[in-house]
Amino acid sequence: MHTSVPVLPTALPEVETITAPRRGTPVAVVTAEGTDTVEVVVGGRDALTTEWFDAVGHTGKAGEVHPGPAGSGVAWVVGTGKGEPGHWRAAGAALARAANARIAARTAAADTGRPAGRSADTVLALAPPPGLGADEVTALVLGLRLGGYDYQVTGEPAPPRLRTIRLVTDERDTADTVRRASVLAAATGLARDLANTPSNVKDPAWLARTAQRVAGRAPGLRVTVRDERWLAEQGFGGVLAVGGGSARPPRFVEMELGGRRGAPHVVLVGKGITFDTGGLSIKPADGMHLMRTDMSGAAAVIAAVTALAELAPDVRVTGLVPCAENQVSGSSYRPGDVVRHYGGRTTEVTNTDAEGRMVMADALAYAVERLRPDLVVDVATLTGAMKVSLGLRTGGAFASQDDVWERVDAAGVAAGERWWRMPLASDADTVADEFAESVHSRLADGAQCPTGPGGIAAAMFLREFTGGLPWAHLDIAGPARAERTYDEVTAGATGFAARTLVELAAGYGRREANARSNSANLTRNTGPLAAR
């Protein structure tokens with residue numbers, strides 16, 4: 001029996017721009033670290049003084065929030081630290097959480113008959129300093145929209161929450177920045193929703209239907225779902241093997257965002273394991289409940305392609321999501337099996353808990369043979385080794401070329417998501433060469449779990465299915481889930497990588513367009529008529 005879950009996507013507060021706060025709207029102001037007075041005139045008088053700073057101990061560090069002086073027009077004072085983009089995300093998130101906590105407290109007081117003071121305000125004005133850059137505005141909006149995110153399956157009615165934040169600014173470009181940042185925040189929120197949904201609801205068919213429903217609203221985006229019969233006809237042996245132990249059969253989702261003829265083509269592949277028991281190589285009970293988020297790579301791809309449809313960059317994008325549930329039954333695939341993937345390559349199975357690479361291999365081979373993209377990027381909660389190597393807040397990035405890594409790194413910086421390059425034999429990296437031979441099997445074309453470091457070995461396995469195309473493998477096993485709240489991240493699924501994928505694909509289109517423009521200019525300047 002299905003459990004009633006929240007309507008997806010979760011509603012996030014809207015962020016608007018205005019030139020002056022409206023009468024009666026609570027106002028929040030920001031302070032940099034070390035500030036001991038702020039020239040703010042609200043209601044005809046100075047709102048913040050040195051005495052007030054001393055009395056409450058407000059230091060202005062990033063994410064520090066205090067209620068404004070009693071009787072003033074300032075509802076909140078928020079610290080922005082040294083003003084780095086990450087500090088603005090923390091500030092926006094902390095403000096959203098504080099506002100929601102106040103709304104909840106006033107609502108509870110009203111429900112118990114106690115005096116609640118002012119009614120619970122769900123609209124807030126925020127006055128950032130003039131001349132704030134696009135990076136800082138984007139970070140602030142991400143924090144404001146995502147900081148109060150909450151996913152809970154409950155029979156209680158949804159509580160009132162912060163509904164609208166109005167940025168007070170005269171900057172003309174700020175509105176466009178806010179709109180773009182709002183799309184990025186929505187992508188992260190959607191990815192969190194998909195990954196947080198419990199697996200008694202979220203089977204492969206549900207994930208595919210939800211991708212169709214949510215993405216189907218986006219302009220110019222076509223979503224096609226294939227079932228297990230199509231997968232068998234096409235030879236998706238990896239997906240069928242992993243999904244064969246479940247009563248809920250696998251699916252394959254293809255999301256196509258068309259672009260102008262000749263635009264660069266980026267393919268995004270996301271691991272869609274809707275629940276992972278480990279199969280016959282079963283996982284320990286401790287922590288298995290978290291495997292509802294083992295499709296966080298798929299969630300990131302679905303959310304990113306949907307967001308790209310809204311932003312309409314000069315690039316073609318295809319999202320591929322192999323969906324399966326890795327269960328234990330009499331029809332589960334076994335260690336020692338040989339699986340034939342799409343395109344014919346075979347794999348010797350040694351551990352059924354290494355199921356993610358099995359389904360990803362099929363999707364990568366499909367991308368190479370059918371789509372021939374300019375860039376292919378896969379993202380997955382693939383190996384526990386990444387958590388040991390990089391912790392829980394940094395994603396591991398493997399790149400076939402230095403240029404591909406540079407694109408991923410730049411996209412992560414723009415998105416506010418942290419990546420670290422891992423060894424993979426490439427243009428300037430031979431560290432992983434010693435593991436290359438371990439990919440081969442004496443029984444099949446390849447070994448599912450080559451010897452060597454777990455994260456590198458998995459990347460080596462996947463590389464065999466990329467056809468030599470420019471490729472990046474993003475392992476998000478660590479940052480896909482959070483045990484506690486920090487910055488704009490809330491406990492549970494984080495939506496990590498969705499924003500990076502958006503920035504990566506959009507940036508690829510911009511860089512290719514710039515390269516074409518530069519090439520055209522060079523031709524004009526050096527052509528046969530240039531000397532005349």
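Rings of Phe, Tyr and Trp (its six-membered ring) form an aromatic pair if their centres lie within 6.5 Å, with planes under 30 degrees apart counted as stacked, over 60 as edge-to-face and the rest as tilted. This is a predicted model, in which local features need pLDDT of at least 70 and side-chain atom pairs count only at pLDDT 80 or more, while totals for chains, interfaces and linings use all residues. Residues are numbered from 1 along each chain as its sequence is written, and side-chain values use heavy atoms, with hydrogens and water left out.

Q: How many residues apart in sequence are the parts that the pair of Phe236 and Tyr342 ties together?
A: With helices (DSSP H or I, at least four residues) and strands (E, at least two) numbered from the N terminus, Phe236 falls in the loop between helix 6 (228-234) and helix 7 (237-243). Tyr342 falls in the loop between strand 14 (338-340) and strand 15 (346-348), so the separation of the tied parts is 106 residues.

Q: What kind of aromatic pair do Trp52 and Phe53 form?
A: The count of aromatic pairs comes to eleven. In the pair of Trp52 and Phe53, the ring centres are 5.2 Å apart and the planes stand at 85 degrees, so the geometry is edge-to-face.

Q: Which residue has its charged end over the ring of Trp230?
A: A charge sits over a ring if NZ of Lys or CZ of Arg is within 6 Å of the ring centre and within 35 degrees of the ring normal. One such case is Arg393, which lies over the face of Tyr486 at 3.5 Å from the ring centre. For Trp230, the charged end is 4.5 Å from the ring centre and belongs to Arg226.

Q: Which element supplies the largest share of the lining of the largest cavity?
A: A cavity is a set of points on a 1 Å grid where a 1.4 Å probe fits but cannot get out, and lining residues have an atom within 4 Å of a point. The largest cavity holds about 110 Å³ of space, and among its 13 lining residues the closest to its centre are Pro26, Trp76, Ala99, Arg102 and Asp121. Strand 6 (74-79), helix 2 (85-111) and strand 7 (123-127) each supply at least two lining residues, and the largest share, four residues, comes from helix 2.

Q: Which helix gives the most to the lining of the second largest cavity?
A: The second largest cavity holds about 40 Å³ of space, and its lining includes Ala191, Ser296, Ala299 and Phe496. Helix 4 (174-196) is one of the elements that supply at least two lining residues, but the most, three residues, come from helix 8.

Q: How many of the 16 residues of helix 8 are buried?
A: Helix 8 (residues 296-311) reaches 22 Å from its first C-alpha to its last, close to the 22 Å expected at 1.5 Å a residue, and is followed by Ala312, whose phi is positive, near 50 degrees. Helix 8 is largely enclosed by the rest of the structure, because its buried residues number 14.

Key
Expected span 1.5 Å × (residues − 1). Buried < 20%, exposed > 50% of the residue type's maximum accessible area, 1.4 Å probe, protein only. 1 Å grid on protein atoms, 1.4 Å probe; cavity = no way out; pocket = protein on both sides within 12 Å on 5 of 7 lines; lining within 4 Å. Points joined across faces, edges and corners; volume = space filled by probe spheres on them.
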